[in-house]
Amino acid sequence: MFNLSENNMFMVCGSAVDLRKGIDPLSRIVRSSSMSPTDGCVYVLMNNARTRMKLLHWERGGYVIFYKRMEQGRISHTIFGKSDHVRFHQIRWDDLMLLVAGICCSAKRRKRFNFSKKAKIKN
């Protein structure tokens with residue numbers, strides 16, 4: 001079943017990835033970092049524009065891919081490293097949930113991505 005929770009280990013790729021790729025090329029990216037895509041960790045991969053995100057996860061029956069496309073705004077740029085090499089680093093469940101919502105994890109003041117002026121809150 002599709003179950004991700006705080007019990008999983010989340011590994012974020014520190015460089016941009018072409019997200020047009022499917023399961024096999026994404027798992028090769030994980031293997032190129034001397035990691036195993038079948039070890040139960042959830043691998044978080046993002047595109048260069050930081051508007052799309054894929055989560056690659058091995059469950060007992062096979063691979064599962066979760067896909068997120070931001071309608072507005074971008075995922076925080078602080079998630080990427082300074083080198084071009086593919087490196088993964090671990091993040092916590094709550095930090096991943098903030099990334100998915102478009103909120104910068106490392107900011108002193110948690111600011112959500114900008115909404116358009118058309119969207120207004122109605123009472």
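Reader: What follows α2, and what about its phi?
Author: Gly-102 follows α2, and its phi is positive, near 90°. Helices here are DSSP runs of H or I with at least four residues, strands are E runs with at least two, and both are numbered from the N terminus. This is a predicted model: local features need pLDDT of at least 70, side-chain atom pairs count only at pLDDT 80 or more, and totals for chains, interfaces and linings use all residues. Residues are numbered from 1 along each chain as its sequence is written, and side-chain values use heavy atoms, with hydrogens and water left out.
Reader: Which residues of α2 are buried?
Author: In α2 (residues 93–101), they are Asp-95, Leu-96, Leu-98 and Leu-99. Buried means under 20% relative accessible area (1.4 Å probe, protein chains only).
Reader: Where do they fall, seen down the axis?
Author: Within an arc of 160°, so they line one face of the helix. The arc is taken from the directions from the helix axis to the C-beta atoms.
Reader: And what do they pack against?
Author: β1, β2, β3 (52–59) and β5. Contact means heavy atoms within 4.5 Å.
Reader: Switching to β1. Are its faces covered or open?
Author: Both are covered. Phe-10 and Val-12 are buried on one side, Met-11 and Cys-13 on the other.
Reader: In which sense does β1 pair with β2, and with β5?
Author: With β2 (residues 42–46) it is parallel, over three bridges. With β5 (residues 88–91) it is antiparallel, over four bridges. Pairing takes at least two DSSP bridges between two strands.
Reader: What stands opposite Met-11 in β2?
Author: Tyr-43. In β5, the bridge partner of Met-11 is Gln-90.

How values were computed: Buried < 20%, exposed > 50% of the residue type's maximum accessible area, 1.4 Å probe, protein only.
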